[in-house]
Amino acid sequence: MERDMVQLLTPDGRRVDHPEHAFDGTIGDLVGCLRDMVLARRFDTEATALQRHGELGLWPPVLGQEAAQVGSARALGDLDVVFPTYREHAVALTLGLPYQQLLALFRGCDAGDWEHLDRFRNYQIIIGSQTLHATGYAMGLQLDGLVGNPGGPNAAVVAYHGDGASSQGDVNEAYVFAASYNAPVVFLCQNNQWAISEPIGLQSRIPLFQRARGFGFPGVQVDGNDVLAVHAVTTWALERARRGDGPVFVEAFTYRMGAHTTSDDPTKYRLSAEEAQWAQKEPLLRMRALLETELGVQEQWFQDLEEETDQWLKEVRSELLRSDPGELDQRFDVVYAQSHPLVEEERAWHRDYADSFLDGEGGPGADAGQS
């Protein structure tokens, strides 16, 4: 463990103390953390399989990052708002958001006009732009009088982003505005070590959390595979933001165990030895070890959870397969509120392209057998 990194649960499942941060949850909270992580991982595995079978156009796996997401999500208050990237599946599920919305987006059935946007804003595909949205929303909370009230009500914002996004101009501009206006926003960076195929060492010469000092607000590095530590640090950061003490940068030091998306092949750019090393720090196994050895949770509970998850995933799969993604032509109707000439031009191009696949009208293979 790095010297500055907050850790409350070791990779072998032992509780350890930290001088500034502690997990104050109950046994029920501990069990709930593991349950949320198991459901998120199984859901993620199912979605990846559905994409491989052509039922989803794309899927960005969250494999390995469950603790960073579940721990932070469980720290959120009722008035706090999340601005996610495209990978916060575990956050959404922990908050109880409909899983159908997540799958529909990647199936092409949904343009992101989701329910529950008062608490969880829609997925952002453009790298890092959600941090500016989050900062502006946080500034709005100040203007609405929802920050710094003794006894409440108070609210804050969590802006999720990855290590790759920390190199984006939009993200650094968000840091500047957040610091300048003392906005109640927590920048939760899941440093999963790889920005697609670029390692973190090529992006930053210092640990990412140390960058926050240059913008004028605190930065904390936490073991992102330790759900207890992530919860404790996020709780502290949110409480600080709500009372009006400004932004915080939290670097959840974790690892993307799977691909960047299902169109990516990580074997092309990283070593199996690295993956094996990080597998020893895996978040679900260390939490299970804690429940078994220190809390005496029996094997039957884990079996029951697996059976419950199996049944739930059957419903997830059946419901997805019953959904109709519709025709791509319909997607052009929801780009703008009114007709736009460029969109209509693109719609016409798409129609011509789709028509080229009709029998007798060209398209791939139309001239097969002719020489």
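Which backbone oxygen does the side chain of Gln-193 reach? I looked this up in a predicted model, where local features need pLDDT of at least 70, side-chain atom pairs count only at pLDDT 80 or more, and totals for chains, interfaces and linings use all residues. Residues are numbered from 1 along each chain as its sequence is written, and side-chain values use heavy atoms, with hydrogens and water left out.

**Entry: Gln-193**

I found the side chain of Gln-193 at 3.0 Å from the backbone oxygen of Thr-254. I then placed Gln-193 in the loop between strand 3 (185-191) and strand 4 (194-195). Strands are DSSP runs of E, at least two residues, and helices are runs of H or I, at least four, numbered from the N terminus. Gln-193 is buried, at 9% relative accessible area. Buried means under 20%, exposed over 50%, and partly exposed in between, with a 1.4 Å probe and protein chains only. I listed its contacts (heavy atoms within 4.5 Å). Leaving out residues up to four places away in sequence, Gln-193 touches Asp-163, Glu-198, Pro-199, Ile-200, Phe-253, Thr-254, Tyr-255 and Trp-278.

**Entry: backbone angles**

Most residues other than glycine have a negative phi, and most peptide bonds are trans. I noted a positive phi near 80 degrees for Gln-193. Asn-182 also has a positive phi, about 55 degrees. I traced Asn-182 to the loop between helix 6 (169-180) and strand 3. Asn-182 is partly exposed, at 32% relative accessibility.

The peptide bond from Gly-152 to Pro-153 is cis, with omega near 0 degrees. Pro-153 sits in the loop between helix 5 (129-143) and strand 2 (157-162).

Note on methods. A polar contact is a pair of N or O atoms within 3.5 Å; within protein, one must be able to donate a hydrogen and the other to accept it, and residues adjacent in sequence count only if both atoms are side-chain atoms.
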